[in-house]
Amino acid sequence: MNLLNIIDGEISHILNRAVDGRPPSLDEAELLFGCTGQEFLALILVANHVRKRAVGDIVTYVINRNINFTNVCVNSCRFCAFREDKDSPNQFLLSTDEIENKTREAVKMKATEVCIQGGLHPEANLDLYLQILKSVRRVSPDIHIHAFSPMEIQHAARREGLSTREALKILKEAGLNSMPGTAAEILVDKIRELICPTKISVREWIKIIEEAHNLGIPTSSTMMYGHLESNRDKAVHMDILRNIQKRTKGFTEFVPLSFIHQHTELYKNLSSRPGATGMEDVKVYAISRLMFDGLINNIQVSWVKLGTKFAQFLLNAGANDFGGTLFEENISRIAGSPSGEYLSPESIIALIRDCGRIPVQRTTVYELLG
Ligand code: SF4
């Protein structure tokens, strides 16, 4: 008996085609987001199959540390509980000495990557971003610097009167290795106007990401969901990402970011959903695996946002990367995430082995280490 015969015919057709290596269209992805019951379970089964065909049973992880260099931000995204005003008693801007010390700690912990992001400080010009890169490089000439979102690139470029492409070029020459594909949130302008009205538009985000890729700066790709967006919006977002990937091949991974709502204006005053449901989280992972088949091989579980038990489940629903050790994760913690700030490599390895999979440490750009 073909197992997919016992479910809804249309869903069965979409999933059978995915098994044959033909990803769902945008409309079909939207339909998959409506799955419950047997169709939901079949979606997980097929996503797990497609994952195994794409990347086998290895689950990767990276030893990294976050450095959030400032929480001062001129923007006021409504989902952000991290930002502070410049005169707030809680504001901070790390000195170059502090960045050097944090890099030293990272090297001591055998980290291969520092992930550096911050708010949009009103006085941050390109020189501040260059000083950050130089501080890291003074400590380590070879640690991978994964830094600065497309929004930060635009902020630095604008203050300097440069194009974003020129700013990216200068930062690359100063040691920037790759960029987080954050600030993507949901790539639908009508949702962005509600959740982050002063952030870059969809068109600007795509432009800066493609400029980075074309300059040889790979990026991750992300999606923040579980607030005001519809299933259609999530499908549109993923479709935009895969079309970029067809053009540039510059995305290293897809990182779904489940909205942490507790301390945010978006939840308190704009009546957003209180984050995604468990069903929705699973569907985002499974559907992204099908949508990105043959284009983006690596789908990362965010254990900081979802917890380690759920992260294990998601490794069976399309994901193949456990993310990083991430000591000092401030942004989710301040928004209300209960998960810790650090997971040791030993803990990650044990969680992966418990799923019957093979843990392998990787670099930021998915070279396997050992
Ligand atoms: S998400 Fe980033 S840009 Fe938006 S308010 Fe927070 S720190 Fe600023």
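**Overall build and a few local features**

The protein holds 16 helices and 9 strands; helices here are DSSP runs of H or I with at least four residues, strands are E runs of at least two, and both are numbered from the N terminus. Its radius of gyration, taken over C-alpha atoms, is 20 Å, close to the 21 Å that the globule rule gives for 370 residues, so the protein is as compact as a globular protein of that length. That rule is 2.2 Å times the number of residues to the power 0.38. Everything here comes from a predicted model, in which local features need pLDDT of at least 70 and side-chain atom pairs count only at pLDDT 80 or more, while totals for chains, interfaces and linings use all residues. Residues are numbered from 1 along each chain as its sequence is written.

How much of the protein is buried? Buried residues make up 51% of the 370, where buried means that 20 or more other C-beta atoms, placed from the backbone, lie within 10 Å of the residue's own.

Helix α7 (residues 164-173) shows how burial can be one-sided. Its buried residues are T164, A167, L168 and L171. They cover an arc of only 100 degrees around the axis, which puts them on the same side of α7; the arc is that of the directions from the helix axis to the C-beta atoms. An α-helix has 3.6 residues a turn, so residues three or four places apart point the same way. Among the elements covering the buried residues of α7 are α5, α6 and α9, going by contacts, meaning C-beta atoms within 7 Å. Just after α7, G175 takes a positive phi of about 120 degrees.

Now for the strands. In β6 (residues 251-258), 8 of 8 residues are buried. β6 pairs with β5 (residues 219-225) in the parallel sense over 6 bridges, pairing needing at least two DSSP bridges between the strands. Within this pair, T222 stands opposite V255 of β6.

Elsewhere, β2, β3 and β4 form an open sheet of 3 strands in that order, with parallel pairing. β2 (64-68) and β4 (144-147) stand at the edges with a single partner strand each, so one side of each is left without a neighbour in the sheet. β2 and β3 (residues 113-117) are joined over 5 bridges, and N64 has E113 in β3 as its bridge partner. Helix α4 (residues 96-108) lies across β2 and β3, running at about 165 degrees to β2, with axes fitted to C-alpha atoms (for helices, over the stretch in contact) and angles from 0 to 180 degrees between N-to-C directions.

Methods:
A residue is buried if 20 or more other C-beta atoms lie within 10 Å of its own, exposed if 12 or fewer, and partly exposed in between; C-beta atoms are placed from the backbone. Two residues are in contact if their C-beta atoms, placed from the backbone, lie within 7 Å.
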